[in-house]
Amino acid sequence: PGVGAMKVTTKKPPNFYIRSAKSFLTGIETESGKKEPVNELTISGLGEAINAAVAASMAVVGDNLATITKVETSYPGMTTNGAERGCPRIVITLAKK
């Protein structure tokens, strides 16, 4: 019930995020009980993680679990070692079917 958010990084492979996105939308059994599926999932990725964010989104759309309702791109400023540089960012909003 509700909204889930997933921040994608390059620390884990895209398949990890694909499985995670699917479990957000289908619900899963855990040791502590059942996790209910969400109705809306937001997947965001920064820099090189954009590919993994898009891959996870397209996998759930391809499996007919969700539809893409919104795609936002931006170029926010990031401060690294005192210097500010832009970094590409994507935010994909999915609605459960």
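**Entry 1: the hairpin.** I started with β6 and β7, which form a hairpin with two residues between them, and N81 in the turn has a positive phi of about 55°. Strands here are DSSP E runs of at least two residues, and helices are H or I runs of at least four, numbered from the N terminus. Next I checked the pairing: β6 (residues 77–80) and β7 (residues 83–86) run antiparallel over four bridges. Two strands count as paired if DSSP finds at least two bridges between them. I noted R85 in β7 as the bridge partner of M78.

**Entry 2: ground rules.** I kept in mind that this is a predicted model, where local features need pLDDT of at least 70, side-chain atom pairs count only at pLDDT 80 or more, and totals for chains, interfaces and linings use all residues. Residues are numbered from 1 along each chain as its sequence is written, and side-chain values use heavy atoms, leaving out hydrogens and water.

**Entry 3: M6.** Leaving out residues up to four places away in sequence, I found M6 touching Y17, S20, A21, F24, L41, T42, I43, S44 and A56. Contact means heavy atoms within 4.5 Å.
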